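Good morning. I have one structure to go through today, and I will keep to what can be read from the model. Please have the sequence and the 3D view open.

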Amino acid sequence: MNRKIMTAVGTAAAVTLALTACSGGAAGDAATEEPAGPVTISMAGWDLAAVPEFQTLADAYHAANPDVTVELKEYPAGNDYDTALTADLAAGTAPDVFIVKNLKNYITFQAGGTLLDISDVAAELDPATGGLEAMAIDGATYAVPYRQDSWVLYYNKDLFAQAGVAEPDGSWTWEDYDKAAVALSAAFKAAGSTATGTYQHGWQSVVQGFALAQSDGASLDSGDYSYLEPFYEQAIALQDGGAQPTYATVTTNKLTYQAQFGTQQSAMLPMGSWYIATLVKQQASGEANAFEWGIAPIPQLESSTAGVDNTPVTFGDPTTMGINSAIDEAKVAAAKDFLAFAAGPEGAAALAAIGITPALIDDTVTETIFRLEGVPTDDLSKFAYTTHETLPENPVGEKTAAIQTILGETHTAIMSGSVPVADGIAEAEERVANEVG
Amino acid sequence: MTTTVVDHPAGPLGRPGAAPRSTQPWHRRPGDRLKVRNALIGWTFILPNFLGFAVITLVPVLTLFYISLTNSNIFGTATFTGLENYVKLASDKSFHTALLNTFYYAAAHIPLTIVVSLSLALLLNRKIRGAAFFRTVAFFPYITSIVAIAVVWNMLFSPEFGPINQFLGLFTDGELPGWTVDKDWAMPAVIIVGTWRDMGYYMLLFLAGLQTVPAELHEAARVDGASAWQRLWNITLPCLRPTMFFVTVMITIASFKVFDLILVMTDGGPGQATLVLSQFIYNKGFVQFQFGYASAAAVVLFFICILVTVVQFLYNKRKEA
């Protein structure tokens with residue numbers, strides 16, 4: 001009896017696994033014929049009520065191509081998006097087009113055969129499309145960036161004026177930034193205010209993203225993370241000197257960067273360009289205080305990349321979309337055309353109109369963004385928004401996800417003061433060698 | 001089970017089932033038909049539950065065992081890799097840390113929760129004014145959202161502005177604990193909150209157990225001059241043994257499986273100070289998509305839970321004997 005049950009269960013498990021294993025690759029290298037008649041393609045998105053970009057792209061594409069309808073399938077927000085999408089992909093029930101939300105998972109989706117090769121779509125895109133180059137795996141592209149936020153420095157012009165500290169002029173290195181943060185904090189303290197010079201959120205990106213992008217020869221795969229050291233020394237010095245809330249306060253009190261900068265609790269904030277739209281919205285609704293603000297290029301490690309006559313180096317992962325390899329062959333052409341639209345100038349214009357930074361920033365996009373009410377219009381803000389070399393925080397690689405988990409733990413250990421900077425980094429190097437190889 | 005009544009060979013109502021058994025096995029006996037019918041009735045009763053168990057628990061667990069022997073990343077074809085994942089686990093320092101942390105949590109959380117919940121139950125088993133109110137208050141943490149608990153306790157534990165350290169600061173000028181942002185204090189902080197959250201539930205179980213302690217035993221002991229401590233030790237606790245056994249098994253399994261509280265409170269940090277096995281499995285599976293490797297770690301956790309439970313059963317059996 002037991003043997004029979006075991007056999008039945010084993011067979012069921014094997015069939016289930018075989019089915020899930022075979023779910024990908026139905027379309028394969030399908031010929032991209034032009035669709036005949038109306039076509040409906042489905043697309044995965046998350047939190048559709050709060051994140052309008054998916055509907056915006058779907059509507060814009062349908063307006064330009066009335067024969068094709070893009071139907072949205074809602075997934076949970078946050079990290080649950082990847083979990084739920086992964087389950088659907090494995091079960092063969094995922095939508096035709098899906099967003100690769102976290103770049104570090106792109107390689108897993110690709111290696112799992114869930115993404116269609118769309119090198120032909122990528123080849124037609126403007127080479128200036130942010131993050132496009134980083135999407136190539138062995139010469140082929142499986143997802144194209146449609147939005148790419150880059151990290152810039154937000155600053156409160158009113159608080160700078162009150163403290164009598166010179167505003168950023170685009171030439172700042174991290175040293176200049178530190179000096180300004182300390183001077184601002186001292187001025188606020190003297191005036192009886194609890195505001196701090198800057199606010200660096202608790203994420204590992206805030207330290208490690210810049211370190212990886214700006215340090216010469218830095219690479220996640222190298223196993224050498226000594227490039228993190230000066231950036232951690234700087235972050236610790238800022239919190240020890242009172243120029244920024246401590247990591248303990250940030251995490252235990254669940255501080256949000258929106259509240260810290262929006263309610264003028266800090267005069268500077270290194271953050272992604274997505275915050276432009278949020279801040280404008282929050283100032284309009286009263287959730288954030290009314291004050292003059294601007295954006296400046298993120299401070300640089302070396303003065304050689306600083307200044308408005310240079311191209312500052314910053315970081316940011318592109319948000320990309322790809323085509324489910326299990327898509328119906330008849331829909332492939334429409335899906336590819338939709339991706340080319342979303343990642344191209346038309347999609348970029350549609351996204352810019354709702355305050356989102358597309359992967360392709362052209363003059364139309366810049367004009368549209370800076371025409372939005374509440375967005376600062378000074379030259380430095382425009383420069384910071386348009387001119388930068390943005391490197392990925394999670395370079396495409398098989399080991400990226402595992403390494404980032406280890407470096408994430410290193411970040412909390414160092415920032416909480418549990419280990420000295422050098423020891424924490426040495427431990428990370430040892431763990432990467434031991435656990436990732 | 002109800003079938004035992006129907007199955008009675010000599011039913012009180014003189015049904016055919018009451019007929020004497022035939023001595024000729026090749027003849028179909030009326031009792032056999034009844035047996036089959038009763039068996040079918042029995043199966044009907046347990047089938048929905050068994051099907052649910054098979055689909056939701058048995059198949060996934062068996063699949064888990066299989067996946068742990070592969071390099072599955074959920075997509076594509078999983079290659080059978082034999083014991084490779086287990087060999088890798090044996091030398092994985094993060095796994096060792098998670099294992100040690102899990103034992104640390106369990107070793108402190110199990111006795112602490114038993115002592116606190118039993119004390120509460122003994123206290124609130126008395127006929128005191130407002131006992132029902134206090135029982136409700138003690139049970140409240142158990143039904144409160146875990147995320148809300150984590151947020152509030154994190155604020156209470158804030159090293160700089162939290163009320164706990166402000167209170168402790170009244171008694172000492174020395175260095176105060178860093179709680180959730182200190183590698184040495186993070187686990188004690190999580191254990192305190194875990195105990196606080198679970199005490200109400202186990203208090204209820206102990207309260208139910210205390211109702212079964214015969215009052216006359218206490219009265220007799222009191223007449224014989226036994227002190228309150230002697231009555232607790234020699235009457236209450238022995239009478240509570242079945243409840244104590246059940247509670248211990250439940251807390252032990254819950255302690256080894258602890259996940260949600262730590263995930264929202266410290267996310268395993270700082271560093272790996274509160275990384276437990278469940279989170280290790282979650283990280284490997286759902287963050288790094290190494291489902292084969294995560295399954296191997298889950299199998300280890302499964303066997304730890306089984307082993308500890310079996311030891312407890314054996315110990316209890318020996319005590320009963």
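I start with an annotation. In the UniProt record, an unreviewed entry, "transmembrane region" is assigned to residues 39-67, 103-124, 136-156, 185-208, 244-265 and 291-315 of chain B. Keep in mind that the coordinates themselves come from a predicted model.

Take two of those spans and look at them in the model. For residues 136-156 of chain B, the figures are 90% helix and 0% strand, with 23 Å between the end C-alpha atoms.

Now the whole of chain B. How many helices and how many strands does chain B have? The count is 14 helices and zero strands.

Next, the overall dimensions. The radius of gyration of chain B is 27 Å, whereas a compact globule of 321 residues would come near 20 Å. Along the principal axes, the C-alpha atoms of chain B fill a box of roughly 90 × 75 × 35 Å. Of the 321 residues in chain B, 32% are buried. Among contacts in chain B with a separation of 6 or more, 66% join residues 24 or more positions apart.

One residue shows what such a contact looks like. Ala296(B) sits in helix α14, residues 291-320 of chain B. Is Ala296(B) buried or exposed? Ala296(B) is buried, because 27 other C-beta atoms lie within 10 Å, and the cut-off for buried is 20 or more. Setting aside neighbours within four places in sequence, Ala296(B) is in contact with Ser68(B), Asn85(B), Tyr86(B) and Leu89(B). Ala296(B) and Phe65(B) are 231 residues apart in sequence, yet their C-alpha atoms are 7.5 Å apart in space.

Now to the nonpolar cores. The largest has 169 residues, and those with the most contacts inside it are Val144(A), Tyr154(A), Met321(A), Phe338(A), Leu339(A) and Ala297(B). Not counting residues up to four places away in sequence, Ala297(B) touches Leu89(B), Phe95(B), Leu277(B), Phe280(B), Ile281(B) and Lys284(B). Another core, of twelve residues, lies apart from the largest one; Ala121(B), Met203(B), Val247(B) and Ile251(B) are among its members.

On to the interface between the chains. Here 37 residues of chain B are in contact with 34 residues of chain A. On the chain B side, α2 (30-67), α4 (93-124), α6 (146-156) and α13 (277-287) each supply at least two residues. Which helix gives the most to that side? That is α2(B), with five residues. By class, the side of chain B that touches chain A has 17 nonpolar, 15 polar and five charged residues.

Last, chain A. Chain A is divided into domain 1 (30-149 + 316-361) and domain 2 (151-313 + 393-436). The C-alpha centres of these two domains of chain A lie 31 Å apart. Where they meet, 14 residues of domain 1 of chain A are in contact with 16 residues of domain 2 of chain A. The domain 1 side of that meeting has seven nonpolar, four polar and three charged residues.

That is the end of my part.

Technical notes. Residues numbered from 1 in each chain as written. Chains lettered and ligands numbered in written order. Predicted model: local features only at pLDDT ≥ 70, side-chain atom pairs only at ≥ 80, totals over all residues. Contact = placed C-beta atoms within 7 Å. Helix = DSSP H or I, 4+ residues; strand = E, 2+ residues; numbered from the N terminus. Nonpolar A, V, L, I, M, F, W, Y, C, P; charged D, E, K, R; others polar. Rg over C-alpha atoms; globule rule 2.2 N^0.38 Å. Core = buried A, V, L, I, M, F, W, Y, C linked by C-beta atoms within 7 Å. Domains from an automatic or database assignment. UniProt positions renumbered as here; feature names shortened; annotations may be inferred.
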